[in-house]
Amino acid sequence: MPSYQAPLRDMRFVLYELHQGAGLSALPGLEDFTPDIIDPVLDEAAKVCEEVLAPLNRTGDEEGCHLENGVVRTPSGFKQAYDLFRDGGWTGLASDPAYGGQGLPKSVNALVEEMICASNLSFGMYPGLSHGAYLALHAHGSDELRDRFLPKIVDGTWAGTMCLTEPHCGTDLGLCRTRAVPQGDGSYRITGTKIFISAGDHDLTENIIHLVLARLPDAPKGIKGISLFVVPKIAVRDDGSLGDPNGVTCGSIEHKMGIKGSATCVLNFDDAVGWLVGEAHKGMRAMFTMMNTERLAVGIQGLGLAEASYQGAVAYARERLQGRSLSGVKHPDKSADPIIVHPDIRRMLLTMRATTEGCRALGGWVARSLDIQHHGEDEAARQEAEDLVVLLTPVVKALFTDLGFEAANLGMQVYGGHGYIRENGMEQYVRDARIAQIYEGTNGIQALDLIGRKLPAHAGRYLRRFFHPVADLIAAKVEDEQLGAFVQPLAKAFVRLQQATGQIARVGLSKPEEAAAAAADYLRLLGLVAVGYMWVRMVEVALPKVGTDADSDGFYRAKLGTARFYMERVLPQSGALFSAIMAGGASMMDFEEAAF
Amino acid sequence: MSGIGKVAVIGAGVMGAGIAAQVANAGVPVVLLDIVKEGAASRSAIAEGAVAALLKADPAPFMSRAAAKLVATGNIEDDLGLLADCDWIVEAVVERLDVKQALYRKIEGVRKAGSVVSSNTSTIPLASLISGLPETFARDFCITHFFNPPRYMRLLEVVKGELTRPEAIALVSRFADAALGKSVITPKDRPGFIANRLGVFWIQCAVIEAIEQGLEVEEADAVIGKPMGIPKTGVFGLIDLVGLDLMPHVMDSMIGLLPPEDPLHAIHRPQPLIERMIADGYTGRKGKGGFYRLNRAGGGKVKEAISLVTGEYRPQRKADLEALATTRGDLKALLAHPDPAGRYALRVLGQTLAYAAALVPEAADDVAAVDEAMRLGYNWKWGPFELIDQLGAPWLAEHLAAEGLPVPPLLTLAGDRKFYRIEAGRRQYLGTDGAYHDLVRPEGVLLLADLKLDRQPVLKNGSAALWDIGDGVACFEFTSKMNALDPDTMALLGKSIKTVAKQFKALVIYNEGSNFSAGANLGLAIFAANIAAWTEIEQLVAAGQETYRALKYAPFPVVGAPSGLALGGGCEILLHCDAVQAHAETYVGLVECGVGLVPAWGGCKEMLSRWSAPGRLPKGPMPAVAKVFETVSTATVAKSAAEAKELLFLRPSDGITMNRYRLLADAKAKALELARDYTPPEPVDLTLPGESGKVGMQMAAEGFHRRGIATTHDLVVAGALATVLSGNGADVTKPVTEEEVLEVERAQFMRLIRYPATLARIESILETGKPLRN
């Protein structure tokens with residue numbers, strides 16, 4: 001069974017060396033977050049994840065959750081782990097200090113999230129969903145609601161959920177049927193059934209605060225008639241103490257492919273008392289304001305699992321002896337060479353590594369932009385940062401989870417037959433990673449968001465925040481003696497991306513379906529170029545260090561090696577994607593429906 | 001011109017003064033008289049004040065300063081003698097029969113034989129106006145009903161009496177058409193004639209039904225506006241514009257004149273809300289506000305609207321109607337929608353179209369006149385019968401019956417036929433005799449839309465087309481959205497130049513969009529800039545330069561024929577034509593600096609060349625350069641074709657056509673005239689001032705900056721323009737070639753488009769239509 005070790009060296013590289021994390025404390029509101037504060041947080045997080053959460057990952061998967069007498073029981077050890085987690089202050093790490101949180105910058109919190117997801121994604125779902133509920137309530141709730149619910153969500157006494165999906169509506173939430181009836185005293189009675197509610201019920205906390213989408217009696221039809229309500233599982237009295245159960249029951253839990261330690265519930269709301277969050281009929285808008293943060297978090301789940309799988313695969317490839325190197329025996333003392341000598345094993349390992357490190361760097365850029373968006377002093381800089389976040393959010397969500405799943409699959413492949421055996425832990429990463437491509441907006445929806453909303457917005461202004469830095473780097477460094485070799489493949493892929501972007505923008509206006517047919521390939525193309533850009537920037541940082549004392553552990557040398565692999569063996573996929581995009585969608589849309 | 005060499009207008013109110021201004025715009029001297037203002041310093045103070053007001057009004061009633069000088073003012077007591085040599089005397093005094101008749105008697109005493117007298121009345125029947133007056137007067141009398149403002153509204157209703165001489169009608173109609181640019185229709189002598197008869201019914205119906213269906217004004221205007229092809233002011237915004245207090249007057253006079261069985265009576269009822277608003281001074285934009293107002297209470301600026309439900313003002317809100325969202329511009333689906341908004345649309349439009357159908361032949365000879373009246377008198381995109389054709393007469397009849405409304409005979413007559421059809425390449429309308437008749441255009445009117453009915457384009461792509469318009473002349477038409485110029489336009493223009501050289505004698509550049517072209521497709525340009533596609537942008541600039549140059553030096557004459565906006569690249573193409581025949585309402589300008597760019601399709605080059613022509617300005621390179629800098633750096637737009645001549649966007653020799661419908665025919669005639677003996681122009685080298693000139697222009701810009709008139713980015717843009725106009729370090733003793741100027745234009749354009757401030761300006765124009773002053 002693989003043992004997870006938080007990749008702190010690479011995380012610090014991304015945070016400090018690539019994205020100037022030491023400068024975070026220059027932003028208003030983040031003054032406290034100097035490296036001497038951040039570093040211990042990362043070290044401590046690594047310890048909790050490695051020592052407390054990772055050991056429960058396999059057992060939690062085997063045992064799963066159980067619904068007993070209407071109450072969900074989480075796997076053995078989860079409750080104790082949660083108590084430790086809560087007592088360590090981890091539930092409020094990224095929350096507002098005004099409600100007891102620690103206000104950690106997103107740049108740092110994203111790294112902690114990665115560690116949690118890598119060590120035990122199922123466990124991470126519980127505090128993760130609480131944080132989602134926190135965000136929505138914090139952004140849109142009245143002062144009264146915030147005072148009542150937030151402190152205990154932040155300190156982990158209570159958990160939270162997001163209740164969106166219903167049996168007949170997932171992607172199309174406009175079809176939502178759950179009803180909310182005003183009681184005349186400012187409260188509402190909520191009735192309806194919600195499904196696929198992650199962390200919908202569990203035994204980790206004394207109460208669960210549900211955020212529920214429902215429809216008021218006078219609501220317009222469709223998506224513009226949805227409102228957001230906060231509904232506690234157990235009534236909360238005015239003095240903050242708990243009252244009676246509030247008509248929220250768990251009807252059943254789903255039997256899933258992965259994340260089995262996370263309870264996925266059917267929740268029945270039966271005249272449950274709730275309060276309106278934000279304006280009536282503006283529930284979707286309230287949801288969207290937190291969506292960027294949430295989608296980035298789901299992308300990071302893919303990244304974390306890719307890292308965990310990579311670590312397991314490398315360890316195995318070093319010790320597993322099979323066959324001999326094709327270029328001659330490498331370990332004559334052993335009965336066979338370790339499989340790490342074989343090109344195909346190296347292809348898999350480097351693919352995992354190049355995408356994982358590349359995504360970590362890209363995620364770091366987006367996280368840093370979120371910090372600037374929220375804390376930047378200069379309005380133009382804040383706007384630019386927000387533009388970049390808005391553009392890259394669907395890319396991060398879909399690309400990271402797709403690549404994460406592919407990486408987990410490669411990691412299992414490295415194990416050969418043993419990867420297929422549960423006890424070895426590698427197939428669990430594949431199963432756990434799979435859901436991230438689906439929830440929080442399927443990756444197909446992310447691609448449509450990218451081409452349909454993000455691309456045309458403000459005549460392409462969001463694109464500028466990404467395309468201009470890339471174009472400027474290429475223009476400045478394409479002839480560079482050392483960097484040039486890395487920049488040239490990027491330049492080639494970038495031209496393809498520019499042409500594909502122009503093409504989609506052109507056809508998108510008159511034939512939206514044609515643009516939609518290219519969406520998934522386009523998102524991958526943009527994502528690969530973005531990761532390629534990150535690799536060139538990483539090489540730029542690493543190059544001067546190679547061969548110096550700072551590189552005694554070979555970290556920077558390995559960066560160059562991984563970068564080279566990415567540029568030569570991964571980024572050329574842009575050519576195939578480009579051809580597919582330019583071929584148009586007729587081959588799909590002309591196909592007779594009856595012939596499927 | 002057209003037999004009318006001098007005109008008099010009596011009554012210097014808004015309408016009379018506006019009519020006088022438009023006569024002057026046509027280059028015809030005009031006398032403007034009003035009553036004597038007792039106690040004033042001047043006995044003609046009213047008429048004089050009216051001209052002063054005209055000069056200040058916006059939009060401007062005069063097309064040029066020269067036109068204003070053609071108006072002579074006076075009063076009806078001392079100056080009636082001035083009428084003696086007038087060919088046409090227009091009466092536009094207060095709507096009182098006794099006043100008008102008294103005036104007519106005075107006029108009759110002084111006017112010359114054969115002159116025509118007309119009234120601009122909108123409410124008094126012609127028969128009443130002439131009753132009791134001598135037959136000699138009646139023979140020369142008609143009604144000429146203009147619309148407000150007379151310069152811009154293209155409709156003129158000419159009503160003849162039983163005694164009116166046909167030649168009198170012909171004389172006035174010809175003049176109104178060719179000189180004043182009006183489209184003349186000839187209603188019968190019925191109350192409100194055609195446009196206001198239907199317009200008043202429509203407004204009344206739209207107000208009543210909105211209240212009865214429980215709609216708010218924003219909702220009603222959203223339903224009435226865009227879906228029906230009606231200006232977005234809808235109905236309540238329109239009432240605010242014309243004045244709430246005017247409505248009851250017009251309504252009362254119509255009610256008094258129309259027989260009791262007229263459907264207007266059925267929708268005539270007291271309007272307590274409107275009465276209260278008028279009493280409180282909420283008479284519309286001229287008063288404290290109307291259905292919409294800007295609430296400045298507490299120093300704020302809040303857009304408010306009055307609620308038809310509560311009768312109170314509240315913040316304006318965007319109409320959010322299910323019926324509009326789901327039917328998405330499908331008019332028929334909107335009318336069939338069960339929501340109150342759909343019901344409203346059906347009730348209002350159904351009754352209005354039925355009323356229109358009842359006006360033929362009662363007030364109008366044919367359906368075409370009714371449609372023209374509403375298109376040009378109320379700015380509807382489609383006339384009522386065009387709307388009926390969209391819905392289908394049987395569909396409308398069925399829905400009227402279902403609403404318990406009478407079905408007019410004309411609808412029954414039409415059956416399942418359309419009111420308009422194309423037959424053998426000709427446009428025809430359905431007559432009251434049940435047969436189709438050709439739609440006959442006045443002589444000298446040539447419309448591309450008509451020509452297209454019987455031919456295919458010679459060349460065509462997604463952004464432009466080349467047409468054979470007969471007699472060896474080709475017409476290049478922009479067909480892109482908003483006539484924005486893009487790579488496809490340039491590609492087809494390049495191809496057209498080769499084709500015309502082989503197959504035609506001359507080329508006209510013309511289209512029938514509401515604007516000739518507002519310039520390059522900025523959406524494409526900014527998108528390309530946002531994705532850093534610099535090479536693509538530079539290629540687009542270079543392609544435009546090469547194509548326009550090829551156009552200028554083509555072996556055949558090219559005549560540009562613009563109407564509406566001709567800005568940026570749309571102006572630059574005109575600058576490269578051999579001659580321009582412009583519609584009087586053409587608004588030309590090089591506005592690139594406004595979006596943080598410089599003209600780079602040869603605009604700088606051509607303007608330099610025009611202003612440097614010998615004898616135009618004092619000697620030396622600087623005067624011409626300074627003049628161009630002043631015009632271009634401030635993105636000045638000429639407010640008429642006449643003004644465009646003053647700014648040299650048009651040459652003094654270029655022609656102006658007053659009537660939009662006659663533009664193509666005039667341009668074609670001009671092209672044929674040039675083709676008789678054509679040699680392409682020779683390239684002209686320019687003498688440019690170089691560095692010192694550049695410094696001079698920059699200092700001027702910095703002066704504006706210090707005074708707070710120019711922004712920081714204006715300085716950057718002005719610097720780039722100065723670089724181009726000064727010849728980028730040119731040696732003042734060495735002539736600069738056209739190619740060299742083009743190269744600097746291109747380089748400076750490429751430099752500017754990389755500025756975030758430029759991109760922010762373009763984004764603002766595209767998203768809000770408003771310039772960003774950054």
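Reader: How many residues of chain A are in contact with chain B, and what makes them count as being in contact?

Author: In this predicted model, 15 residues of chain A are in contact with eleven residues of chain B. Two residues are in contact if their C-beta atoms, placed from the backbone, lie within 7 Å, and the residues on both sides are counted by that cut-off.

Reader: Which helices of chain A supply the side that touches chain B, and which gives the most?

Author: Helices α12 (461-477) and α13 (484-510) of chain A each supply at least two residues of that side, and α12(A) gives the most, with six residues. Sorted by class, the side of chain A that touches chain B holds six nonpolar, six polar and three charged residues.

Reader: What makes strand β7 of chain A count as mostly covered?

Author: A residue is buried if 20 or more other C-beta atoms lie within 10 Å of its own, and in β7(A), residues 226-232, seven of the seven residues are buried, so the strand is called mostly covered. Ile226(A), Leu228(A), Val230(A) and Pro232(A) point one way from the strand, while Ser227(A), Phe229(A) and Val231(A) point the other way, and all are buried.

Reader: Why are β9 and β11 of chain B said to stand at the edges of their sheet?

Author: Three strands of chain B form an open, antiparallel sheet in the order β9-β10-β11. Strands β9 (292-295) and β11 (313-315) of chain B each have a single partner strand, so one side of each is left without a neighbour in the sheet. From one strand to the next, the twist averages 40°. Strand β10(B), residues 302-306, pairs with β11(B) over three bridges in the antiparallel sense, and Glu304(B) has Pro315(B) as its bridge partner in β11(B).

Reader: What does the UniProt record list for residues 6-189 of chain B?

Author: An unreviewed UniProt entry lists "domain: 3-hydroxyacyl-CoA dehydrogenase NAD binding" for this stretch. Over residues 6-189 of chain B, the chain is 36% helix and 20% strand, and the end C-alpha atoms are 27 Å apart.

Definitions and conventions: Residues numbered from 1 in each chain as written. Chains lettered and ligands numbered in written order. Predicted model: local features only at pLDDT ≥ 70, side-chain atom pairs only at ≥ 80, totals over all residues. Helix = DSSP H or I, 4+ residues; strand = E, 2+ residues; numbered from the N terminus. Nonpolar A, V, L, I, M, F, W, Y, C, P; charged D, E, K, R; others polar. UniProt positions renumbered as here; feature names shortened; annotations may be inferred. Pairing = 2+ DSSP bridges. Axes fitted to C-alpha atoms, helices over the stretch in contact; angles between N-to-C directions. Buried ≥ 20, exposed ≤ 12 C-beta atoms within 10 Å, placed from the backbone.
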